[in-house]
Structure formats: structure tokens, C-alpha cells
Amino acid sequence: MSHAAPVHSLWTLAADPPREIPAPHIEYAQLAPTLIVLGVAVLGVLVEAFLPRRARYHAQLLLSVVGLTAAFAAVVALAAGGHAGEKARIAAMGAVAVDGPALFLQGTILLVSLIAVFTFAERRLDPAAHGNRVDSFAAQGSAVPGGEAEQAAVKAGFTTTEVFPLALFAVGGMLVFPAANDLLTLFVALEVFSLPLYVLCALARRQRLLSQESAVKYFLLGAFSSAFLLFGVALLYGYAGTVTYAGIAEVVSGTTRTVDPALASTMGNDALLLIGGALVLMGLLFKVGAVPFHMWTPDVYQGAPTPVTGFMAAATKVAGFGALLRLLYVVLPGMRWDWRPVMWGVAIVTMLLGAIVAVTQTDVKRLLAYSSIAHAGFILAGVIAASPDGVSSVLFYLAAYSFVTLGAFSVVTLVRDAGGEATHLSKWAGLGRRSPLVAAVFAVFLLAFAGIPLTSGFAGKFAVFKAAAQGGAGTLVIVGVLSSAIAAFFYVRVIVLMFFSEPKADGPTVAVPSALTSTAIAVGVAVTVVLGVAPQYFLDLAGQAGTFVR
């Protein structure tokens with residue numbers, strides 16, 4: 001009869017009254033920014049399906065601008081309603097945090113994306129093809145480069161308007177990423193914003209093969225990093241018996257009360273915690289382009305259509321660092337002694353490698369890519385500070401940096417020769433004599449990257465280094481200042497090249513943009529100057545937004 005017992009217990013389990021699954025409780029008002037963006041993205045897909053081709057461009061542009069503006073208004077309303085301070089809480093059944101850092105980063109991402117959409121919509125720069133105005137994107141993304149289908153699409157004057165809903169889906173993922181409050185939400189948000197970016201990188205109108213190569217590299221390396229992240233999530237779940245940030249933090253600090261019997265044997269196993277935490281960190285460091293996970297950055301920045309590069313360089317950094325801050329400050333504060341030495345090493349190598357390798361670059365987009373790697377190192381210095389000042393300085397730096405980056409890539413789209421954008425540095429020689437205004441604007445962005453006083457870059461670097469020094473990372477500040485000095489060399493070199501070299505006879509022309517790109521560049525310059533000359537209000541804003549809800 002000994003075999004009957006397990007069967008018997010199974011029968012009694014099956015006969016229990018069915019348990020009710022509680023309906024999820026979703027705070028729609030607090031999740032409004034994300035829901036608006038994703039809703040508009042879905043509408044954009046419907047526009048692609050049902051509107052005639054000639055009406056799509058204007059409809060998509062209008063939809064995107066209205067959607068992003070409405071989402072930004074929702075963020076401001078939440079912040080004004082106290083959700084950045086005393087009303088901060090965890091929404092959506094513990095999946096998403098609505099607090100100061102989340103709202104500040106979401107606001108930054110939405111503003112950056114709004115400006116980026118203007119650069120996506122620019123149609124004045126390329127010469128008209130067969131009497132039709134064209135943008136930076138392939139006439140038909142699915143056509144083989146140079147094939148008959150592509151030639152027919154160009155002749156017919158097709159434009160790829162799907163880029164707008166793709167960008168909006170990416171923005172939707174980016175809004176959830178820094179606010180995610182459990183590891184599964186973090187992973188889903190990562191995929192939601194990465195997959196559209198892989199597609200967008202492959203859609204350049206000129207240099208189609210280079211563009212597709214960059215997308216494949218980004219996709220393969222991104223898939224690896226996502227796999228590492230997911231494996232880390234699994235190990236952390238084995239360690240803590242939960243994927244919520246608060247639950248893992250409780251097990252790390254030893255204050256947990258309930259133990260799932262199925263996980264009792266693995267819970268509290270430090271090897272799982274260390275390896276799992278390291279793998280999740282790897283996934284996030286890949287997204288922000290920190291060394292040694294930076295190899296995709298120069299190739300993807302160079303190959304992707306320039307408006308996409310600008311959008312990606314600005315917005316992905318904001319989302320990635322937001323998620324990194326939340327992970328280190330909410331989940332792993334009890335492991336500070338374990339993660340700080342590792343992050344020290346990553347920050348030092350990232351600053352130095354980004355600055356030193358940038359000196360050897362001959363392509364403007366690759367130069368800006370290595371510059372962005374160096375900046376990832378500077379921002380990591382603020383992350384390592386592990387103090388409230390560290391959080392607010394990182395928030396401020398991200399806001400300042402994203403507008404400078406977007407403005408710089410917008411300027412790059414203007415300098416053109418017969419083959420499209422002239423990104424080789426030798427072509428930029430004498431640009432200051434040929435087009436003083438464009439060269440002057442680019443010089444402002446380069447000086448901001450270099451961290452020269454009276455630009456937003458200086459205010460941001462000063463805040464980050466000050467927080468790091470107060471957090472006991474003085475060595476890091478010294479390395480950061482040295483890296484900044486190396487970096488200043490190649491920024492200044494480009495300025496000298498533009499203003500003090502003779503222009504070549506067959507040099508590139510500077511295209512006259514429409515109001516869209518002009519607005520993007522003007523906003524970039526305005527933010528750079530305002531945050532440089534009068535940063536205090538914005539530093540205070542970042543300071544007020546620097547408290548994570550736990």
C-alpha cells in the first residue's frame with residue numbers, strides 16, 4: 001500500500017476548492033507617460049496599415065509630436081502632484097517605481113525623443129530623388145541594397161515612415177527601464193527598447209551595407225548582453241526567492257521574514273548573489289557602453305542613420321544609467337563593498353580608453369562614439385559616489401549630456417558631399433570659413449563635451465567629480481581630470497581644423513536644414529548654454545528628484 005500515499009495526496013489537492021486569482025491592480029494615472037507613448041506607437045502602426053502612402057509622413061510626425069508632448073505633460077503633472085517626493089510609491093503590483101529619479105529620467109528621455117523626432121523627419125538635406133523630398137532613411141527597408149526593388153522604391157518616391165512608431169516603441173521601453181522595480185520588468189523593458197533600435201540602425205538611405213552591418217553587430221552583441229542579464233536574473237531569483245528589488249535587498253541585508261520552502265536550500269547562497277549581480281550589471285554596462293562592453297559603440301554609431309545615432313546616444317544612456325542607479329542603490333546597497341571596487345576599475349578603464357582611442361579617430365561619428373564611452377566613465381564616477389549627491393549629479397549630467405549629444409549629431413547631418421554625409425574629419429577642414437555659423441555651433445557642443453566652463457558639460461562634470469571626491473573616490477577624480485585633459489585635446493583639434501585650416505576646393509557643402517533640424521540644434525545650444533551659465537536651478541531640481549522609493 002506504500003505506493004498509494006502520493007496518489008492519494010494528489011487527489012486531495014485536486015479536490016480542493018479552486019483558488020481565486022486576484023485581478024491586477026494598476027494605477028493608470030501614475031503610469032500615464034508610458035501608456036501614452038505606447039498607445040501612440042500602436043496608433044502609428046495602424047496609420048502605416050490604413051492611411052495612403054502620401055498622407056503617412058505628416059500623420060506620423062503629428063502623432064509622434066503630440067504623443068511625446070502629452071507624455072511629457074503627464075510626467076510634469078505627476079511631479080507637480082508630489083509623486084517625485086512624499087507621494088512616491090511602487091505602482092503596477094510592485095513592477096514599476098514612480099519616484100523622483102524615475103520621473104526626472106522619464107522627462108529627460110521624452111524631451112530628448114521629441115527633439116530626435118524632428119531630426120527623423122528632416123527632408124531638406126538630401127537632394128530630391130525623382131522630384132520627391134527624401135529623408136535619412138531607406139526608401140524601402142526590406143529591399144536588397146542596390147537591387148531592383150530598391151531602385152523602384154526610390155523612383156516611386158517612397159519614404160520609410162515606420163521609423164516613427166519604431167522610435168516610439170523604443171521610447172516606451174526606455175521609460176519603463178529606469179523605473180522598473182523588479183528584474184523581469186527590467187528585462188522586458190530592455191527588449192522593448194532594444195529591438196526597435198536594432199531595426200532603426202539598419203535603415204540608412206546611403207551606405208546601406210554599412211548600416212545593415214552595424215545593425216547585425218548591435219543585434220548579436222545585444223542578444224549576448226540580454227542573455228547575460230537574464231541569466232543573472234535567474235541566479236538572483238535562486239538567491240532571494242523573489243525578483244522584486246525590495247525582496248532581494250531584504251535577503252541581502254538579512255531582514256527577510258518569509259522563506260519559500262522550495263528555495264530554502266539555495267536562499268542566501270552568496271555565490272549566486274555575486275555571480276547573478278555581476279551578470280545583471282554586465283547587461284546594463286553594455287547598454288551604457290562602458291569598457292569592456294563597449295565594442296559595439298563605434299561601429300553602430302558610424303553605420304546607423306545619423307538621426308538614429310543621435311537619438312540612441314542620448315536616450316539609451318539616460319535609460320541605462322537610470323536602471324544602473326536603481327539596481328545599485330535599491331537592490332545592492334548592502335553589497336557596496338563588493339561592487340564598488342569592480343565599478344572603480346570599470347570607470348577608470350572606460351574614461352582612459354574612451355579618451356585615448358578617440359585621439360586616433362578620423363571619422364566624426366566614430367570620434368563622438370569614443371567620446372560617449374569616455375563620458376560613460378565620467379558618469380560612472382558619480383554612480384560610484386554612493387550618496388544622494390551622487391544620484392543627483394548623475395541625473396544632472398545625463399540631462400545635460402543628452403542634449404549636447406543630440407545637437408552634435410544634428411550638426412553632423414548638415415555637412416554633405418555627393419555621397420551623402422561627409423563624416424571624414426579631413427572633409428571638415430576650413431568649415432569655419434565656408435559656414436561660420438554651423439562650425440561655431442559645433443564648436444559649442446565640442447567645448448561642452450570637453451567640459452569647458454560656462455557650458456553644461458563643465459557643470460555636469462564638476463557635480464559628478466565633487467560627489468565622487470566626497471564619497472571617498474579621490475583617485476577616480478584625478479583619473480577623470482586627466483582623461484578630460486586628453487579628451488579636450490581631440491575636441492580642440494577639431495575646432496582648430498574647422499577654423500584655422502584652408503578649405504579644400506572639392507570640400508563638402510553645408511546643407512540648409514528645414515525648421516525641424518534647426519529647432520533641434522537651437523534647443524541643444526540653448527540647453528548647453530543655460531545649464532552652463534545658470535545650472536543651480538537644475539541642480540536643485542535633480543537634488544529634489546534624487547531619492548529612490550524603496
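These notebook entries record what I looked up in a predicted model.

**Entry 1. Nonpolar core**

The largest nonpolar core has 183 residues. Within this core, Phe311 and Phe442 have the most contacts.

I next listed the surroundings of Phe442. Setting aside neighbours within four places in sequence, I found Phe442 in contact with Val364, Ala408, Val411, Val412, Trp428, Val494 and Met498.

**Entry 2. Salt bridges**

Side chains of opposite charge can pair when their charged atoms come close. I counted 11 salt bridges in the model.

I looked up Arg326 and Asp99 as one of these pairs. Their closest N and O atoms are 2.9 Å apart. Arg326 belongs to helix α12, whereas Asp99 is in the loop between β2 (96–98) and α4 (100–120). The pair therefore ties together parts that are 227 residues apart in sequence. Are the two partners buried or exposed? Arg326 has a relative accessible area of 0% and is buried. Asp99 is likewise buried, with a relative accessible area of 0%.

I then turned to Glu213 and Lys217, which form a salt bridge with the closest N and O atoms 2.8 Å apart. Both residues lie in helix α8 (residues 208–240). They are four residues apart, so about one helical turn separates them. Glu213 counts as partly exposed, at 39% relative accessibility. Lys217 also counts as partly exposed, at 28%.

Arg416 is buried, its relative accessible area being 7%. Glu421, at 23% relative accessibility, counts as partly exposed; the limit for buried is under 20%. I also noted that Arg416 and Glu421 belong to a network of salt bridges that links them with Asp126 and Arg206.

Strands of a sheet pair through backbone hydrogen bonds, either parallel or antiparallel. Here, three strands form an open sheet in the order β4-β3-β5, and the pairing is antiparallel. Which strands stand at the edges? They are β4 (420–421) and β5 (509–510). Each has a single partner strand, so one side of each is left without a neighbour in the sheet.

For the pairing of β3 with β4, I found two bridges in the antiparallel sense, with β3 covering residues 415–417. Asp417 has Gly420, in β4, as its bridge partner.

**Entry 3. Aromatic pairs**

My search of the whole structure returned 17 aromatic pairs. In one of them, the ring centres of Trp296 and Tyr301 are 6.4 Å apart. Their planes stand at 75°, so I recorded the pair as edge-to-face. Both Trp296 and Tyr301 are buried.

I examined Phe378 and Phe465 next. Their ring centres are 5.9 Å apart and their planes lie at 85°, so this pair is edge-to-face. I located Phe378 in helix α14 (residues 364–384) and Phe465 in helix α18 (residues 456–470). The pair thus links distant parts of the chain, 87 residues apart. Both Phe378 and Phe465 are buried.

I also checked for a cluster of rings. Ring pairs link Tyr198, Tyr218, Phe219, Phe286, Trp296, Tyr301 and Phe409 into one.

Arg53 lies over the face of Phe158, at 3.7 Å from the ring centre. The charged end of Arg123 sits over the ring of Tyr57, 3.8 Å from its centre.

Where is Thr161 placed? It lies in the loop between α5 (148–155) and α6 (163–176). Thr161 has a relative accessible area of 4% and is buried. Not counting residues up to four places away in sequence, Thr161 touches Glu48, Arg56, Tyr57 and Gln60.

Technical notes:
Residues are numbered from 1 along each chain as its sequence is written. This is a predicted model: local features need pLDDT of at least 70, side-chain atom pairs count only at pLDDT 80 or more; totals for chains, interfaces and linings use all residues. Side-chain values use heavy atoms; hydrogens and water are left out. Buried means under 20% relative accessible area, exposed over 50%, partly exposed in between (1.4 Å probe, protein chains only). Contact means heavy atoms within 4.5 Å. A nonpolar core is a set of buried Ala, Val, Leu, Ile, Met, Phe, Trp, Tyr and Cys residues joined through side-chain atoms within 4.5 Å. A salt bridge is a side-chain nitrogen of Lys or Arg within 4 Å of a carboxyl oxygen of Asp or Glu. Rings of Phe, Tyr and Trp (its six-membered ring) pair if their centres lie within 6.5 Å; planes under 30 degrees apart count as stacked, over 60 as edge-to-face and the rest as tilted. A charge sits over a ring if NZ of Lys or CZ of Arg is within 6 Å of the ring centre and within 35 degrees of the ring normal. Two strands pair if DSSP finds at least two bridges between them.
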